[in-house]
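Good morning, and thank you for coming.

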Amino acid sequence: ETTATIIDGKSVAKQIKDEIASEISRMKETTGIVPGLAVILVGDRKDSATYVRNKKKACEAAGIKSYEAKLPEDSTEEEVLKFISEFNDDPSVHGILVQLPLPRHMNEETILNAVRIEKDVDGFHPLNIGRLAMRGRQEPLFVPCTPKGCIELLHRYGIDIKGKRAVVIGRSNIVGMPAALLLQREDATVSIIHSRTKNPEEIARQADIIISATGQPNMVKGSWIKPGAVIIDVGINPVDDPASPRGYQLVGDVCYEEACKIASAITPVPGGVGPMTIAMLLSNTLISAKRVHNFE
Ligand code: NDP
């Protein structure tokens, strides 16, 4: 039987979105300013189109004005850079998001570097990442949304991070690496497991808190988990399921059936970290608008 607390990301995300919506209406009433988010989508990947649509919908619901630039797969880097530069200069745009992955012929680094750090609501600009890594210096202007959402879930469920052993599985620039940096900032002792790690199970089993972002369905078995550990499962992995109308179902990186009997708290997939990512994007956009207009 399930003994773990199910960390309900969907309801926390809803609560946060409501908070953001009321902040935005307060801002609009006092200053007349409406936060704006520009999304750049290149190519016709179905999953990317879905993510962009969901982000737009969430913006509208919160009172954020959304702008979109849709470019064909065979666009040039210069064309993308031109849109970025226009959004950079547009005062009604407070956040710019380039939907990843970009087509292979484009240099992701060049494009992400072009976003003004004051509008880098994804937190992927190297300067923001560098500031996240360095302590006692300038703080990052934005923290990447998915890892920020993971930490927010821990906070909202009253889970202590300070002094805890945390293990992050995965070291990608968008999730694993910034998640490890954030946990360290929260005074956890952090280990990172990646594809070359020897005995990952042994390391994972030492964790009080596991954040997994590998894209490997059901990789983290019950035997990887210390009794009472807290599990944040970032993975969103489609696996074949002929019984489902879509022909597939979404599972996490963690074997939920086993983990929910051993962990003290766990995020489900879907309905865990996923909804938090969008909520944090709205939060970053609001932070940006408040910052430029000195609104508190
Ligand atoms: P990447 O593919 O960029 O990174 C995966 C990481 O996992 C790499 O660091 C890789 O190691 C590591 N890894 C892969 N296989 C293993 C293994 N067998 N053992 C140990 N480590 C392994 O993925 P992302 O970080 O972009 O995404 C990870 C997952 O999170 C995906 O399922 C994705 O769909 C999901 N996701 C969910 C989001 C949300 O909103 N909830 C947002 C973004 C992603 P190495 O570096 O050695 O290659």
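The largest cavity is lined by Ile96, Leu97, Val98, Leu112, Val115, Asp120 and Asp122. By cavity I mean a set of points, on a 1 Å grid over the protein atoms alone, where a 1.4 Å probe fits but cannot get out; lining residues have an atom within 4 Å of a point. This is a predicted model, in which local features need pLDDT of at least 70 and side-chain atom pairs count only at pLDDT 80 or more, while totals for chains, interfaces and linings use all residues. Residues are numbered from 1 along each chain as its sequence is written, and side-chain values use heavy atoms, without hydrogens and water.

How many cavities of 30 Å³ or more are found in the whole structure? The search finds 1. The volume of the largest cavity is about 40 Å³, a volume being the space filled by probe spheres set on the points, which are joined across faces, edges and corners.

Its lining has 5 nonpolar, no polar and 2 charged residues. Here Ala, Val, Leu, Ile, Met, Phe, Trp, Tyr, Cys and Pro count as nonpolar, Asp, Glu, Lys and Arg as charged, and the others, Gly among them, as polar. Strand β4 gives the largest share of that lining, 3 residues. Strands are DSSP runs (E, at least two residues), numbered from the N terminus.

Let us follow β4 into the sheet. There, 3 strands form an open, parallel sheet in the order β3-β2-β4; two strands pair if DSSP finds at least two bridges between them. The edge strands, β3 (65–71) and β4 (95–98), each pair on one side only. Strand β2 (residues 36–42) is joined to β4 by 4 bridges, and Leu37 has Gly95 in β4 as its bridge partner.

Technical notes. 1 Å grid on protein atoms, 1.4 Å probe; cavity = no way out; pocket = protein on both sides within 12 Å on 5 of 7 lines; lining within 4 Å.
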